[in-house]
Amino acid sequence: MLILLPPSEGKADAPRRGKPLDLQGLSLPRLNDARRAVLDELVKLSAEPESALATLGLTGGQTAEVERNARLERAATAPAGKVYTGVLYDALGLATLDAAARRRAGRQLLIFSGLWGVVGVGDRIPPYRCSIGVRLPAAGALTQHWRRALGPVLDEVAGDDLVLDLRSSAYAGMWTPRNGQSVRVLHGGKVVSHFNKATKGRIVRALLESGARPRTPVKLSETLRELGYRVEEAQSGQLDIHVEQL
């Protein structure tokens with residue numbers, strides 16, 4: 001079972017030391033031409049901060065983000081699982097998983113990105129700023145750019161396996177898995193964004209720690225119930241997780 005995660009808009013501080021970016025070292029190297037197209041254009045764009053701020057949807061107070069983008073090819077890198085931060089990743093707690101669960105994370109987790117397309121948690125990347133909603137002058141709208149590149153690659157990787165899709169709606173447009181199962185987190189019948197992300201992070205952690213590899217939506221529901229979650233099958237392709245406490 002693959003588990004699809006969104007990135008975080010906020011990133012960890014740039015590491016002081018570390019190897020520079022090596023595209024050939026990233027997972028799914030068939031994506032490298034598409035990655036290179038976005039990377040080259042983003043670096044070039046970021047050499048002109050005013051244009052970059054407007055294109056990336058940033059404010060004047062975020063000029064440092066643009067300056068960091070301009071240095072991406074020579075910046076120090078860190079594993080993607082450390083670069084991405086925020087509520088979901090804090091709840092997931094990759095660094096505190098045991099060795100077996102970390103190995104499962106390396107095999108099962110795919111993080112979607114406006115810049116890289118998809119990376120694994122162990123792929124070394126520099127912190128950057130480029131959301132999927134960006135439209136670059138040459139590459140165009142990134143959702144469409146990545147939809148074209150990801151489809152053939154991820155269809156082959158996923159095959160007929162169950163795919164647990166925990167991406168936000170913006171990133172879900174990059175690729176539609178054949179056997180995808182999404183999750184909605186409800187409290188009192190309503191979606192609460194912050195706790196939606198936290199619960200998804202805890203679900204991923206529980207699945208990795210348990211070693212469970214459900215192959216069907218029914219088995220996934222059963223597994224989540226065994227892990228202590230209240231689950232309802234809301235509609236085809238979606239499970240509702242009801243939480244009592246925030």
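## Helix packing and salt bridges in a predicted model

Helix α1 (residues 32-46) packs against helix α3 (residues 63-70) at an angle of about 130°, and their axes are 7 Å apart. That makes α1 oblique to α3. This is a predicted model, in which local features need pLDDT of at least 70, side-chain atom pairs count only at pLDDT 80 or more, and totals for chains, interfaces and linings use all residues. Residues are numbered from 1 along each chain as its sequence is written, and side-chain values use heavy atoms, with hydrogens and water left out.

Some terms come next. Helices (H or I, at least four residues) and strands (E, at least two) are DSSP runs, numbered from the N terminus. Axes are lines fitted to C-alpha atoms, for helices over the stretch in contact, and angles run from 0 to 180 degrees between N-to-C directions. Angles under 35 degrees count as roughly parallel, over 145 as roughly antiparallel, 65 to 115 as roughly perpendicular, and the rest as oblique.

**Helix pairs**

Two packed helices are described by the angle between their axes and the distance between the axes. The crossing of α1 with α3 is left-handed (the near helix is turned anticlockwise from the far one by less than a right angle; clockwise would be right-handed). Leu42, Val43 and Ser46 of α1 make the contact with Val66, Asn69 and Ala70 of α3. Contact means heavy atoms within 4.5 Å. The residues of this contact divide into four nonpolar, two polar and no charged. Here Ala, Val, Leu, Ile, Met, Phe, Trp, Tyr, Cys and Pro count as nonpolar, Asp, Glu, Lys and Arg as charged, and the others, Gly among them, as polar.

Helix α3 also meets helix α2 (residues 49-56). Their axes come within 10 Å and cross at roughly 105°. That makes α2 roughly perpendicular to α3. On the α2 side, the residues are Pro49, Ala52, Leu53 and Leu56. On the α3 side, they are Thr63, Val66 and Asn69. By class, this contact has five nonpolar, two polar and no charged residues.

Helix α1 has another partner, helix α7 (residues 142-158). The axes of α1 and α7 come within 10 Å and cross at roughly 160°. That makes α1 roughly antiparallel to α7. The crossing is right-handed. Ala34, Arg35, Ala37 and Val38 of α1 touch Leu142, His145, Trp146 and Ala149 of α7. This contact has six nonpolar, one polar and one charged residues.

**Salt bridges**

Side chains of opposite charge can pair when their charged atoms come close. The whole structure holds 12 salt bridges (a side-chain nitrogen of Lys or Arg within 4 Å of a carboxyl oxygen of Asp or Glu). The table lists some of them.

| Pair | N to O distance |
|---|---|
| Arg129 and Glu9 | 3.5 Å |
| Glu73 and Arg36 | 2.9 Å |
| Glu209 and Arg205 | 3.3 Å |

Arg129 and Glu9 form a salt bridge. Arg129 lies in the loop between β5 (124-125) and β6 (135-136), and Glu9 in the loop between β1 and α1, so the pair ties together parts that are 120 residues apart in sequence. Arg129 is buried, at 16% relative accessible area, whereas Glu9 is partly exposed, at 34%. Buried means under 20% relative accessible area, exposed over 50%, and partly exposed in between (1.4 Å probe, protein chains only).

Glu73 and Arg36 form a salt bridge. Glu73 sits in the loop between α3 and β2 (78-79) and Arg36 in helix α1, so this pair ties together parts that are 37 residues apart in sequence. Both are partly exposed: Glu73 has a relative accessible area of 38% and Arg36 one of 30%.

Glu209 and Arg205 both lie in helix α9 (residues 193-210), four residues apart, about one turn of the helix. Glu209 is partly exposed at 41%. Arg205 is buried at 19%. Salt bridges that share partners also join Glu9, Glu65, Arg68 and Arg129 into one network.

**Two single residues**

Leu28 lies in the loop between β1 (2-5) and α1. Its phi is near 55°, a positive value in a residue other than glycine. Most residues other than glycine have a negative phi. Leu28 is buried, with a relative accessible area of 19%.

Val87 belongs to helix α5 (residues 87-92). Val87 is partly exposed, with a relative accessible area of 26%. What does Val87 contact, leaving aside its neighbours within four places in sequence? The partners are His194, Lys197 and Ala198. Val87 and His194 are 107 residues apart in sequence and 7.0 Å apart in space, C-alpha to C-alpha.
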